[in-house]
Amino acid sequence: MTTINLPEAGEPGLEGTVNLADIETLGRLRLDRNALEYYASGANDEVTLRENREGFRRLRLRPRMLVDVSHVNTHTEVLGLPLGFPVGIAPSAFHGLADPEAELATARAAAAAGSVMTLSTFSNTPIEDVAVAAAGRFWFQLYLYTDREVSADVVRRAEAAGARALVLTVDAPFLGRREPNERHRFTLPPHLSVPNAGTREQLAQLESERGSQLVNYFQTLVDKTLSWSDLAWLRSVTTLPIVLKGILTAEDALLAAQHGCHVWVSNHGGRQLDTAVSSVEALSEVVDAVAGRTEVYLDGGVTRGTDVVKAVALGARCVFLGRAALWGLAAGGEAGVRRTLDLLHGEVRLAMALCGKQNVGQLGRDLLRS
Ligand SMILES: Cc1cc2nc3c(=O)[nH]c(=O)nc-3n(C[C@H](O)[C@H](O)[C@H](O)COP(=O)(O)O)c2cc1C
Ligand SMILES: O=C(O)C(=O)c1ccccc1
């Protein structure tokens with residue numbers, strides 16, 4: 001009789017994780033309620049949060065057979081930067097809630113994996129330090145402040161530090177209501193600062209509001225009058241490519257292209273307008289509207305190699321990880337983010353091979369059932 005010796009169940013660690021869901025489980029266990037609810041929540045009923053995942057799940061692939069897939073090349077380029085595979089890291093605030101090395105850990109993992117990190121305005125680490133850790137593989141995400149001089153200053157710092165693009169977030173003139181954070185009053189722990197978000201006086205105000213809700217601070221800082229005509233101002237203070245993050249319609253994609261901007265399809269991970277269309281469902285009309293004039297990216301609900309393949313097949317240059325990167329960071333700091341990227345890279349390579357695709361250039365709409 002054959003007996004199978006199962007290994008002893010040990011400490012749950014990164015080595016035992018086989019997919020991003022395992023890393024999420026591990027990451028969640030390591031966070032306190034304040035941080036966990038901030039990372040995990042979507043707006044209101046979290047319909048869009050769930051739809052981002054479901055949208056990918058519903059799409060069906062049409063794989064081709066009898067193709068030599070002994071060598072699958074997952075490389076691509078975003079704005080001229082070579083990527084090991086079509087995945088980058090989306091901007092998220094406060095990485096210090098997940099790991100003491102905060103954004104430095106995320107940046108090092110992104111650099112080691114040949115990826116690209118988008119650094120949030122609301123990081124816990126100064127731009128200049130993240131730039132070094134990212135070895136230049138970073139974009140800077142911008143919230144435009146009512147005080148334009150403060151915004152111009154942060155843009156100049158990002159450019160001087162070597163950011164390769166500016167990502168202007170356009171879907172958050174006000175923050176959506178993440179109700180668990182209201183119920184339990186999200187606070188930024190006292191040891192964390194936000195060195196890129198405002199003047200010294202504004203940061204002092206944040207100090208005084210630490211005990212109350214962070215949204216107040218965000219609300220006073222961000223310019224709610226921002227409109228298409230302000231893009232000329234942004235253009236005048238930087239020579240970097242500008243990416244508009246939060247586009248969900250053909251109409252806005254067309255305007256973005258007319259204003260010389262690239263397009264990042266996103267609903268902010270379901271954290272802004274609840275019941276907004278899922279990102280993957282919005283992708284095709286955006287790709288059609290820009291008709292090759294700009295690059296198109298996507299975030300929202302990406303957890304599997306097949307999600308990446310589907311988005312690229314629909315016309316995205318690459319996709320970005322929001323929460324998945326945060327779960328990795330919480331699960332194991334730099335090594336956790338690295339594990340997240342490596343597992344996903346493996347899944348992308350396998351999915352491409354099983355689809356009969358040798359390189360990302362071969363991923364097209366014929367791969368999806370219409
Ligand atoms: C905890 C958290 C913080 C975020 N902070 C920012 C931010 O500072 N700026 C921004 O443009 N988007 C921010 N986002 C949105 C992400 O960039 C991204 O659009 C979203 O997380 C993608 O969805 P996913 O989490 O399903 O991957 C944040 C998202 C999360 C979950
Ligand atoms: O939480 C967010 O989604 C977000 O974009 C944000 C960024 C800075 C402060 C508060 C919220």
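**Packing around helix α14**

Helices α1 and α14 are roughly antiparallel to each other (an angle over 145 degrees; under 35 counts as roughly parallel, 65 to 115 as roughly perpendicular and the rest as oblique). The model is predicted, so that local features need pLDDT of at least 70 and side-chain atom pairs count only at pLDDT 80 or more, whereas totals for chains, interfaces and linings use all residues. Residues are numbered from 1 along each chain as its sequence is written, and chains are lettered from A and ligands numbered from 1 in the order in which they are written.

Helix α1 (residues 20–29) packs against helix α14 (residues 323–355) at an angle of about 170°, with the axes 9 Å apart. Axes are lines fitted to C-alpha atoms, for helices over the stretch in contact, and angles run from 0 to 180 degrees between N-to-C directions. Helices are DSSP runs (H or I, at least four residues) numbered from the N terminus. Contacts (C-beta atoms, placed from the backbone, within 7 Å) join α1 residues including Leu 20 and Ile 23 to α14 residues including Trp 327 and Leu 343.

Helix α4 (residues 102–112) packs with α14 at an angle of about 20°, the axes lying 8 Å apart. That angle makes α4 roughly parallel to α14. In this pair, Ala 105, Thr 106, Arg 108, Ala 109 and Ala 112 of α4 meet α14 residues, among them Ala 325, Leu 329 and Val 337.

Helix α14 also contributes to the shell around ligand 1, where α2 (33–40) and α14 each supply at least two residues.

Methods:
Contact = placed C-beta atoms within 7 Å.
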